[in-house]
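Hi everyone, thanks for coming. I'd like to walk you through one protein model today, so please have a look at it while I talk.

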Amino acid sequence: MEKTNLEKTSDFFSYKGYPLVRSENIIYYGNMEDEYVVMIQIMKTEKVGNLDVATKLKVFRMLTDDKLPANEKITKSADKESLYEALEIANIWLSRLAG
């Protein structure tokens, strides 16, 4: 069986070593204990067979500091056309900060 980058560890799915948590149309990527996480907002989906596939997403790199106002937490953003593209840019942003 081919190994994918999506794995289930503890109570969360993870992608390339970072946890993924979804609540409705929002996906959080990263560790909340770290300085930054990425929020992916699904803006538009299309039906492909029986599945709803995300076709328009907004990606935000955010500070996790609860003392900051919401508008000051966002440090970077991008628009993507697939969940794969959104997760890849999110992984690049977090990996650069870690390394």
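This is a predicted model: local features need pLDDT of at least 70, side-chain atom pairs count only at pLDDT 80 or more; totals for chains, interfaces and linings use all residues.

Okay, back to Glu24. This residue has that positive phi although it is not a glycine. Glu24 sits in the loop between β3 and β4. Is Glu24 buried or exposed? Its relative accessible area is 70%, so Glu24 is exposed.

β3 covers residues 18–23, and four bridges join β3 to β4, with the two strands running antiparallel. If you want a pair to find on the screen, take Ser23, which stands opposite Ile26 in β4.

Let's step back towards the start of the chain. β2 and β3 also pair in the antiparallel sense, here over three bridges. Which residue of β3 does Ser14 stand opposite? That would be Pro19. These two strands, β2 and β3, form a hairpin with two residues between them, and Lys16 is in the turn.

Lys16 has a positive phi of about 50°, although Lys16 is not a glycine. You'll find Lys16 in the loop between β2 and β3. Its relative accessibility is 35%, so Lys16 counts as partly exposed. Hold on to Lys16, please, as I'll come back to this residue in a minute.

Four bridges join β4 to β5, and they run antiparallel. Tyr28 has Met39 in β5 as its bridge partner. How many residues lie between β4 and β5 in their hairpin? There are six, and Gly30 in the turn has a positive phi of about 125°.

While we're in that part of the chain, let's look at Asp34. Asp34 lies in the loop between β4 (26–29) and β5 (36–48).

Next topic: salt bridges. The count for this model comes to four, and I'll show you some of them.

Here is where Lys16 comes back. The side chains of Lys16 and Glu88 meet in a salt bridge, at 2.9 Å from N to O. Why is this pair worth a look? Glu88 lies in helix α2 (residues 83–98) while Lys16 lies in the loop between β2 (12–15) and β3, so the pair ties together parts that are 72 residues apart in sequence.

Another salt bridge joins the side chains of Lys47 and Asp52, at 3.4 Å from N to O. Are Lys47 and Asp52 buried or exposed? Lys47 is exposed, and so is Asp52.

Then there's Asp66 with Lys73. Their side chains meet in a salt bridge at 3.8 Å, N to O. Asp66 counts as exposed, with 69% relative accessibility. Lys73, on the other hand, is buried, and its relative accessible area is 15%.

One last stop, and it takes us back to helix α2, where we find Leu97. Leu97 is partly exposed, with a relative accessible area of 42%. How many residues apart in sequence are Leu97 and Tyr36? They are 61 residues apart in sequence, and in space they are 8.4 Å apart, C-alpha to C-alpha.

From Lys16, follow the salt bridge across to Glu88.

Notes: Residues are numbered from 1 along each chain as its sequence is written. Side-chain values use heavy atoms; hydrogens and water are left out. Two strands pair if DSSP finds at least two bridges between them. Buried means under 20% relative accessible area, exposed over 50%, partly exposed in between (1.4 Å probe, protein chains only).
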